[in-house]
Amino acid sequence: CLELVKHIRDNKLRVLPACAARTVVKDLEPILDVQQKTGVRVMAYAFVGTSPIRQYAEAWDLERLLHTVDEALSWAGKHDLDVAFVTEDTVRSAPATLDKLLRSAISLGAKRLVLCDTVGHATPEGVRSLVAWTRALVADTRTEVKLDWHGHNDRGLGVINTLAAWEAGVDRLHGTALGIGERVGNAALDQVLLNLKLMGAWPHDLSRMVEYCQLAGSIFGLE
């Protein structure tokens, strides 16, 4: 990660580095270390499992989750580390749980909230409902917190769910090269960008998209 951020800095790339971490201080510390060694701000995408399934498997309750968020985000705030708060499996989490956790994260200085379809369970209608609900929550806090969408492709809906999230008003979309990711993959970034271009929502040049896909395919051993 340190070498990647150095490469971004030294080559003056227009890339904003981010790094995933659990919502615990010991995971945030190495990210801060990279930031301090490079002089480049690195956003920590700090995630915590919030669905009833994960809470049951880990024997977590809401009080423990709130304590975890408070400890980690308070530390990040004291050390000038920007945080995007990621609720793992957001689409299958209870609204009452999300309400308390998201409001806590916002009050502790989270810059972004990341809504996740971690196991590709959602449909476009569900995505739109979740985004609308979260936007209303953020508006109620009177903050400028941004929203991200992170979707997987287990039901073959990764791309259309991502486009639905964009139409519903999220600020940042997640995807991967050729959709490669755990299990059957994430939303394919190349397909998302192409569709946004055709919808008139992406003003940038995509003339090298085929070259990008071919390069990614060669790296991952795909024909």
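Me: Which residues does asparagine 186 touch, not counting residues up to four places away in sequence?

Reply: Contact means heavy atoms within 4.5 Å. By that rule, asparagine 186 touches His150, Gly151, His152, Asn153, Thr176, Gly179, Ile180 and Gly181. Keep in mind that this is a predicted model, where local features need pLDDT of at least 70, side-chain atom pairs count only at pLDDT 80 or more, and totals for chains, interfaces and linings use all residues. Residues are numbered from 1 along each chain as its sequence is written, and side-chain values use heavy atoms, with hydrogens and water left out.

Me: Is asparagine 186 buried or exposed?

Reply: Buried means under 20% relative accessible area, exposed over 50%, and partly exposed in between (1.4 Å probe, protein chains only). Asparagine 186 has a relative accessible area of 10%, so it is buried.

Me: Now helix 6: which of its residues are buried?

Reply: They are Pro124, Val127, Leu130, Val131, Thr134, Leu137 and Val138. Looking down the axis, we take the arc of the directions from the axis to the C-beta atoms. The buried residues of helix 6 fall within an arc of 150°, so they line one face. On the other side, Glu125 and Ala139 are exposed.

Me: What covers the buried residues of helix 6?

Reply: The cover includes helix 5 (95-107), strand 4 (112-117), strand 5 (146-151) and helix 7 (158-168).

Conventions:
Helix = DSSP H or I, 4+ residues; strand = E, 2+ residues; numbered from the N terminus.
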